[in-house]
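Open the model in a viewer and keep the sequence panel beside it.

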Amino acid sequence: MAFVDDLGAALDKTPGGGIILTSLDALIDWSRGKSLWMMPMGTACCAMELIAASFARFDFDRHGSIPRPDPRHTDVMVVAGTITRKMEPAVKRLWEQMPEPKWCIAMGNCAVSGGIFYYDTYSVVRGVDEFLPVDVYISGCPPRPEALQDAILRLREKVSAESIVPSRAKPVKSILPQPGDPRKGDIAAEGGEPS
Amino acid sequence: MTQTSTSDVTPDTAETQPTGTEPTETVMETVVNIGPSHPSTHGVCRVVVHLDGEVITHCEPIIGHLHRGIEKMAENRTYLQVVPLTDRLDYVGSMYANWAYCRAVERLAGIRVPERAEYIRVIVCELQRIASHMMGIGSTGADTGAFTAFMYTFAQREKVVELFELLCGARLTYNYVRPGGVSRDLPDGWVEQCRAFTAQHPSAMLEIDDLLLGNVIARARLKGVGVLTQVDAVAWGTSGPIARGSGVDWDLRRDDPYSVYPRFDFSVPLGDNGDSYDRARVRVWECVESCRIINQALDQLEPGSVQAEGLPRLLAPRPGDAYDHIESARGSLGVYLVSDGSPRLYRMKVRSPAFCNLAVLPLLAKGHTLSDLVVILGSLDPVFGEVDR
Amino acid sequence: MKIEDLREHLCGIYPDLCPLFSIEFGDGVLCVSHERLHQAASDLKDLGFDRLGMVTAVDYGEEFELVYRLQSRAMHAGIFLKARIKRETPVIASVCDLWPAANWQEREVFDLFGITFDGHPDLRRILLTDDWVGYPLRKDYEDDRIIRRPDYI
């Protein structure tokens, strides 16, 4: 990445380099977005849907998302399932083994927030975002393969907004509520009228 | 899927250590760590393997990476609220855990289940057995390099999942069997779809049997690998296809009959040698037998109610303890409940067959090569949601 | 085999175990003192209970109750073997020498209840990490990571 970073920084400073940079960004984002290889971090129930997703009926290969069990070959880690405290160091270490640039999809309620295992349990990490930077969250217990498909496409949108010069990255419209945003159904924030 | 690619994730076990304390000993022991995230451990199992060359001298499965404390959580839930938790135990066969739990509750609270509900339970659980075995057989293929078979079995599994989706809207976690019956009746046209499935399934199984287990490479990889003797199978408390593959003639559906199973005519497939091949073979024939049971159950299905009448919204059984078990796809799945008379459970213990079956792994793997370890582990077909609970 | 037949069969061979036998929810239960547990288990094994189905424990405050579920293939019957031990001295004899199946199951009970099994070949934590503090399935287990579920019922 060092070479690409240096190139980006140099082009950014060169007059007229922006045109090359934009074309280069488009090429890089296109190629990255169309071959998001998955690191299937399947631990529990959601792993079954992850397997189903890559098989004949849902066929994720057509999106260029091929599951590879080796972290060093992959771009996106799909955390599918409950992460326990015993498993946490393993997930962290596998994430660190993945080369940059890398993304993370939290698949299923357990990976999003702990889900059904939020209360009363002593061994579950409440959401993988406690220790990993998550790009796309999928809710569901477990989510359908179509939901994972949607997540891959959303992630592609996010990837296509990136640039090799960090300051040129386009803003991504997040459907997640930002801090301070009124939440849907949050009566107090919306002035007493539930939407 | 290469067997040598290990994702060693804990620094303490990844070292190579020469253990020749005797000066005359020239054996170099290598310690290889497989997992906890490895494509052929079928979940989050870590196996520490001690190797002499490529031969396993000792191996130790390290489990608990998916220990979610379901038994503790159940202690702060009402009897009905525990049913969704049991879904997440054996996530390849959720209906079984539902049913085993509900049977224990029904025994504890003295609930009589309507006959139609019992038939529906038998039908969905036999379908679940097929779905679960499709996963087990398919991964046997994937472990031996025959990935095509996995595609074939998964196509069959998707058909079962589709039937379940019609039934309860979910693909994996059904929450369908409830204390006192099932959550809703069969939808219109479901029986015909189910019959259409059972009509094509045996021939599909023959094809898979021919494709995978008739294959000379798969036979060479599976036969004679991981032999479990009949004596060991009983002593180590294995059950299900693992025990039956070793010739232990023990099936709770026939030998400790529950529900309406005595009314059906079916046979229990047995293996002779107790190797990985026999275990896979037993699973194939169990699927065919399941189709027979489903067909008979559909024939005998009478209209009626699917929920016991007059159940209180909040069950509070009298103090005591009850145990009930059913034959799941992995073996005898038991649930032990203790009630203290309050609406909440006092204690729930799940006797998980996969936990007991996995305990024989060191016994089976000793003397085989590292590449055989994944085949043996795959033939035990553990589901770690149930092993670790 | 019917539960009454099992009772007669048991009483015929081991009359000393007979008064300890009771029937609860359709299951035969044999409650013994913790000193006699290993002997009773061994007797039941000789009687034909060749499979150890389950080993677990229940926390009853002052005491722990150890519950063993045994099964006989020949007699088509199951039986519970129960023994109570004091909370202060949670030690009981291991049945690993009778059924190897007890190995992992007793490790699990040790892991979650902190009950020590005398004579177990390899008593370590199995489900939790080795450095875990406390025994989670005890009723008095405290952990600041647990969030109690609000009472809805």
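Select chain C: of its 153 residues, 41% count as buried, meaning that 20 or more other C-beta atoms, placed from the backbone, lie within 10 Å of the residue's own. This is a predicted model, in which local features need pLDDT of at least 70 and side-chain atom pairs count only at pLDDT 80 or more, while totals for chains, interfaces and linings use all residues. Residues are numbered from 1 along each chain as its sequence is written, and chains are lettered from A and ligands numbered from 1 in the order in which they are written.

Along the principal axes, the C-alpha atoms of chain C fill a box of roughly 55 × 45 × 25 Å. Colour chain C by secondary structure to find three helices and seven strands, where helices (H or I, at least four residues) and strands (E, at least two) are DSSP runs numbered from the N terminus. Their pattern along the sequence is α-β-β-α-β-β-β-β-α-β.

Next, select the five strands of the open sheet in chain C, ordered β1-β2-β5-β4-β3 with mixed pairing; two strands pair if DSSP finds at least two bridges between them. Because β1 (21-24) and β3 (51-60) of chain C each have a single partner strand, they stand at the edges, and one side of each is left without a neighbour in the sheet. Neighbouring strands of this sheet are turned by 25 degrees against each other on average, direction ignored.

Zoom in on β2 (residues 27-33) and β5 (residues 77-86) of chain C, which run parallel and are joined by six bridges. V29(C) has F80(C) as its bridge partner in β5(C). Angles run from 0 to 180 degrees between N-to-C directions, with axes fitted to C-alpha atoms, for helices over the stretch in contact.

Move to chains A and B. How many residues does each chain give to the contact? Chain B gives 29 residues and chain A gives 31 residues, two residues being in contact if their C-beta atoms, placed from the backbone, lie within 7 Å. On the side of chain B that touches chain A, α1 (70-74), α2 (83-87) and α5 (147-168) of chain B each give two or more residues. The largest share, four residues, comes from α5(B).

Finally, select M107(A), which touches residues including C46(A), L50(A), I138(A) and L148(A).

How values were computed
A residue is buried if 20 or more other C-beta atoms lie within 10 Å of its own, exposed if 12 or fewer, and partly exposed in between; C-beta atoms are placed from the backbone. Lists of a residue's contacts leave out its neighbours within four places in sequence.
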